[in-house]
Structure formats: C-alpha cells, structure tokens
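Subject: Structure for you to look at

Hello,

Here is the structure I said I would pass on. My notes follow below it.

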Amino acid sequence: MSLNGNVVVAQGGGPTAVINESLVGVVLESRKFAQVNRVYGALGGVRGIVNEDFLDLTQETTHNLEEVAKTPSSALLSTRDKPDEKYCREIFEVFKAHNVRYFFYIGGNDSVGTVDIVNRHAKTSGYDFRAIHIPKTIDNDIVLTDHTPGFGSAAKFVAQSFIGLNLDNRALPGIHIGVVMGRNSGFLTASSVLAKKYPDDGPHLIYMPERNFCIDGFIRDVRQAYERYGRCLVAVSEGIADENGVPIAQKLGSTERDAHGNLLLSQADLGELLVGHIKRTIKTERVRSDTFGYLQRSFGLCISEVDQYEAREAGEKAAQFSIWHDRDGSISLSRIGDYAIDYKLQRLEDVANRTKVMSDNFISGTGNHVTEEFKNYIRPLVGSGLRDGQRLIAPPVEKLLRL
C-alpha cells in the first residue's frame, strides 16, 4: 500500500559523530518517492514534534545536506525526553494535523519505545502510518543488531586516546585510570584494547559493568600489574557496580542524581575517587585519572569511515523499508563474514526497553580484560587510520661506568 503524505525525521538522545549521516540518508532517500510531499525535520527530537518546530528539509539543498552529513552531533538538535502514553498521543495528534505518514526516529533504546507507542496509537486509531527506528548510540547497547552506528567512531576515539595514554604512561611510569562512558554495557571501554601492540602495552586492566566490581580485587589487580610492568594503565566503565548493583561511584561518595533518580555518572568523578583509594593503599608517587566524558560522542577528527557509510545506509534503508516496502520496525545491522553488513528490520516490540551487554565470550575469565574474540569483533568497526604507538628498536650501547 502506498501512503501519500509527509515525512518527519527526528534525532533523540546523546549525539554521535555520524548521526547526521543517518539523517541525510533518510532525507535524500525519502525525497526520491513521488508519494512523499514534504520531508520535515523536528528540532529537538520528540519535544520539537509536540511543539511543531519543523524545518522543511524538502527545500534544503543536496550540497548542504552532504556537508551536514559530515558534521558531528545532532543537526536537528536533541532531547532527553522519554515520552509516556500521553506524550505519544500528543505526538500522534501533531502527525495527523500535518498529514505525516512516515516517521523516522534516530536514537537509542528509549527512542525505540517511543516509536513503538506512537505506532500503536496509529494502528488503534485506524490511521495509515509507518514508523521506523534508526539505531544510534556510542554505547552499542541496542539488542538484535551486531552493532550500532556511532559506536565505531567513539570506539576509535577511545582506542586512539588509550594509545596516547599508554605512551605517556610508559614515558613517565605510574598508575593511570581512564574512565569511559557506559552505564550498563562495556563495549566502549573494552575498545581500549586496540591500544595494545606490544606485550607490555596498556591498558593492563579493563573493567566493564558486565562484571561485579570489587574494590579490594581492583587494588590487588593494580598492585600486581604495577609490580609486573613498573606501571599500570586502567580502562574503566563509568557504570561499574558491586555485586548488589550499587554503582562504585556511589560507594566511594558520589550522590548527585538526575530527574529519573539515576546516579549522575557524568558528574561523578569515578577516576579521582579510585585514585584516592589507590593512594591510600598503594605506595607510589604518580597516580592520575582522566574522564573522557562527552568528548567521546562527537569528536570530528576521529571518525570511522565504516561507521560513516553504515550510518548513511541505515538511514537509506529505513526510508526504503517504510516507503517502498510499507513496513514498520527497527533497523538492525547483521554481520556477514569478515567483513560485510546486511540491513534487516526487527519488530519494534522486540527491541524496545531492552539493553544489550557484552557476551561472556568477549570478557576474560578474570573479568578484568577482554578476549581475542572481542578484538576480532571490534577491529573492522573502527575503520582504517588507527595509528599505533611505535617504539625505538635500536640496540643499547654498552655501559662503561655504570656496570
């Protein structure tokens, strides 16, 4: 069935370095179809929809769209609103008023739920309508997809950053902690493993939310690595928690929470809290930490070209599935061989309100590092141009005085 009407595309949640590729993919592909009258972009995600803050992207030049596609962060701006049933009814009423027949929402886990609720309202109202969720998140925590657009570029940033931290830590040895985003999933933190080239390279320890974090065990691991290498570089997810699910940042003293009652991990200086604990238990002069924070999301000089073209294709396939094939759902990326991707459409209800975590075969038996299987998983996603840290290999000169 061919639906004649307008398109709305919106972006929600945290920005990524390639989210605009998906936006431009949707816009350019939708403009090819005769049954599409206008392509509207909602400013500020779902909040922009209920406020009717639309841009007419039908009138945007192709050249400028292509320039926007190469620009990090959300060109349509974003929101952290998590719509309930009432909120989604308001969205649906706006769609009816503007004769919107196709809705594309580029976002993470919460966005899938929004698309699902709006779509159900349309069905129960007998309104002919198609809704597609286009995945994006640097956390890589959406289910039923091999990975999510946005993750590869953020992973490349993390890996490149740890290459630099490792070289710094080798030049001036000490204990250094890098705190990486990830409340429930450790994919991004685990990507730091790509910094390892030589056997004694860091990160020497990697801690992910998928494993319970024991502070005493952490101190033991750090001490052992420090004694073995004369230094220790640690990658840690901001969301690490103990066996009872209590965030370590909270146990070490952080209390600030958001409107939903969640501990504000972005405000909790987990690195400095761990540094303080190390200083009290391990005798060493140099203990430092860095929190990567928002730098991971939209760093424009560290973009994976694989991530770029997959984000674009996800947007294009969304328009094709919806307008051409008359289907609803959530776009997923399916890995083929080594390495290709096929785009599929999952049912919205199978994806909404679920979180993907790292599988056991990606995490070492000790729980403080990753496996070769994870390295094989992550390498193609970061694309080319990952610069490693080369060492001098000239032979040492014989000592004459300091024998």
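Helix 1 and helix 11 cross in the right-handed sense. This is a predicted model. The axes of helix 1 (residues 19–30) and helix 11 (residues 305–324) come within 7 Å, and the crossing angle is roughly 35 degrees. On the helix 1 side, the contact is made by Glu21, Ser22, Val24, Gly25, Val26, Leu28, Glu29 and Ser30. Helix 11 contributes Gln308, Ala311, Arg312, Gly315, Glu316, Ala319, Gln320 and Ile323. By type, the residues of this contact are six nonpolar, six polar and four charged.

Four strands form an open sheet with parallel pairing, in the order 7-8-6-9. Strand 7 (205–207) and strand 9 (287–291) are the edge strands, each pairing on one side only. From one strand to the next the twist averages 15 degrees. Strand 6 (residues 175–180) runs parallel to strand 9 and is joined to strand 9 by five bridges; His176 stands opposite Arg288 of strand 9. Two helices pack on this sheet. Helix 6 (residues 151–171) touches strand 6, strand 8 (232–237) and strand 9, and its direction makes about 155 degrees with that of strand 8. Helix 8 (residues 215–229) touches strand 6, strand 7 and strand 8, at about 150 degrees to the direction of strand 8.

Strand 10 (residues 329–336) has two pairings to note. With strand 5 (residues 130–135), strand 10 runs parallel, and two bridges join them. There, His133 is found opposite Ser330 of strand 10. With strand 11 (residues 340–346), strand 10 pairs in the antiparallel sense over seven bridges. Ile336 stands opposite Ala340 of strand 11.

Last, a pocket. The volume of the second largest pocket is about 200 Å³. Its lining consists of Ile163, Val193, Leu194, Ala195, Lys196, Lys197, Lys375, Arg379, Val382, Gly383, Leu386 and Asp388. Six of the lining residues are nonpolar, one is polar and five are charged. Among the charged ones are Lys196, Lys197, Lys375, Arg379 and Asp388.

Regards

Key: Residues numbered from 1 in each chain as written. Predicted model: local features only at pLDDT ≥ 70, side-chain atom pairs only at ≥ 80, totals over all residues. Heavy atoms only, no water. Axes fitted to C-alpha atoms, helices over the stretch in contact; angles between N-to-C directions. Left-handed = near helix turned anticlockwise from the far one by under 90°. Contact = heavy atoms within 4.5 Å. 1 Å grid on protein atoms, 1.4 Å probe; cavity = no way out; pocket = protein on both sides within 12 Å on 5 of 7 lines; lining within 4 Å. Points joined across faces, edges and corners; volume = space filled by probe spheres on them. Pairing = 2+ DSSP bridges.
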